[in-house]
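I opened my notebook to look up a few things in this structure. Come along and check each entry as you read.

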Amino acid sequence: MSGFVLAIDQGTTSTRAILFDDKMKVAGTGQQEFAQHYPASGWVEHDPEDIWASVIATVKAALKAAGRAASDVAAIGITNQRETVVIWDKATSKPIHNAIVWQDRRTAPLCQKLRKQGLEKKFTRKTGLLLDPYFSGTKIAWMLDKVKGARKRAEKGELLAGTIDSFLIWRLTGGKVHATDATNASRTLIYNIEKNVWDDELLSTLNIPAAILPQVKDCADDFGVTEKSLFGAEMRILGVAGDQHAATIGQACFEPGMMKSTYGTGCFALLNTGADLVRSKNRLLTTIAYRLNGKTTYALEGSIFIAGAAVQWLRDGIKVIGKAEQSGALAATADPAQQVYLVPAFVGLGAPHWDADARGAIFGLTRNSGPAEFARAALESVAFQTRDLLDAMRKDWKGASAKTVLRVDGGMVASDWTMQRLADILDAPVDRPTILETTALGAAWLAGSKAGVWPKAKEFAKTWALDRRFKPDMDAATRTAKLAGWRDAVRRTLSVR
């Protein structure tokens, strides 16, 4: 059997397809951006038809770039933007409304109403999540309530709902399979992560009919075969995971205590806690890292809303750099005597604060502060926020020891200065791998290992290769002073002090 595995990486602003060869190296890629829709303040939508078209186009492009046909592909793995949801007609496969994106805030009033009813603890106990518009359940409820006739049609069994992976599986299989995996299910606010079932009580609270939801499978499982008419041959779909979970797998974080952090627009850090379902006391999320062979591995997750977006702000907002990659070199020239702090709460603060009403602020400015100090403050803010997450994880779980090594990926990790400063602030090693396509690689591994053409977890972990380890090189007094300044800046930025 061919060792070629295709990864479909359906992201927030673009879709990529990557074909890996039998040595797990990239053989061909395709990428296509699609439109973002903002129908009202705080609302973000995607046209599911745009997403579908981008998947078809990028898969064909990746196969063409590699000089391969669909018949050469042993399996497909899908990874996707989490929490974004679609509801579609079961008979026609047509969406009844645009997809509501994870960034969308329209269900904030519903979340606030549920909190006032004292229900957040119940949701958190069962799902590991907080009552926030970020998650999928309230989005589904909104569509059922607001789209004319949707609720009646759902109750009649005429509609189906799911995250983007489910919509793609349905379309790819010609409407034969309505399924998702445990990681995507764990982000919906209606899935009991301890019992691994859709939770009837939570479904009742949000008035969501269970019949519209997909079957929940392992991450490496049989999700059906693609229609022959799409690509010229059938391909088996054997792996599915939400993007941050796929990156955890791609980084081979299979052992409890291993941690990965992805630095894109935002930052998402996951700490593998093994079989321990750790209930956070520090406003972190408890989630399913992955589920393989019926065995659930859990994780603590911290979400930072602004990471690479702070560099975009330097470039596009205050225009102190022309290209994102200039930020590290500029930060290196900053005056060490100046302590300038940027708290990048442009859209509120994520974990461990979860303050939606906080807004960005800069502290410590002098007449001598300039572009270099702004650049350093922006990059350091990412390191400080990561330190806040790591500190919370250590408080929550004894397995997050002082020896924790952070594996990193995402666009920001190309900056040596930023990664060194991250190691300095964390007072822990930071490992950058040779392969930065960890999200797609994780999805591909799920499918390839299930197909029997790629190695199992232990052997796959041995293929992880280090590009560079960044070791802490900052003296303790400097680190302590910097952290004290950061915490004071955050305290003054929070909407409720």
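**Entry 1: D243.** I am working with a predicted model. I began with D243 and listed what it touches, skipping residues up to four places away in sequence: T79, N80, Q81, R82 and T439. I then looked up where D243 sits, and found it in helix α10, which covers residues 243–250. Is D243 buried or exposed? Its relative accessibility is 18%, and buried means under 20%, so D243 counts as buried.

**Entry 2: the record.** I checked UniProt next, where an unreviewed entry lists R82, E83, Y134, D243 and Q244 under "binding site". R82 had already turned up among the contacts of D243, and I followed it up.

**Entry 3: R82.** I found R82 in the loop between β5 (73–80) and β6 (85–89). R82 has a relative accessibility of 2%, so I noted it as buried. Which residues is R82 in contact with, leaving aside neighbours within four places in sequence? My list reads W102, Y134, N184, R187, G242, D243, Q244, H245, F268 and E301. Y134, D243 and Q244 from that list are also among the positions in the UniProt entry.

**Entry 4: two helices.** I turned to helix α1 (residues 48–66) and helix α6 (residues 164–172), which pack at an angle of about 60 degrees. Their axes are 11 Å apart, and the crossing is right-handed. From α1, the contact uses P48, E49, I51, W52 and V55. From α6, it uses I164, F167, L168, R171 and L172. I sorted these contact residues by kind and got eight nonpolar, two charged and no polar.

Methods
Residues numbered from 1 in each chain as written. Predicted model: local features only at pLDDT ≥ 70, side-chain atom pairs only at ≥ 80, totals over all residues. Heavy atoms only, no water. UniProt positions renumbered as here; feature names shortened; annotations may be inferred. Helix = DSSP H or I, 4+ residues; strand = E, 2+ residues; numbered from the N terminus. Buried < 20%, exposed > 50% of the residue type's maximum accessible area, 1.4 Å probe, protein only. Contact = heavy atoms within 4.5 Å. Axes fitted to C-alpha atoms, helices over the stretch in contact; angles between N-to-C directions. Left-handed = near helix turned anticlockwise from the far one by under 90°. Nonpolar A, V, L, I, M, F, W, Y, C, P; charged D, E, K, R; others polar.
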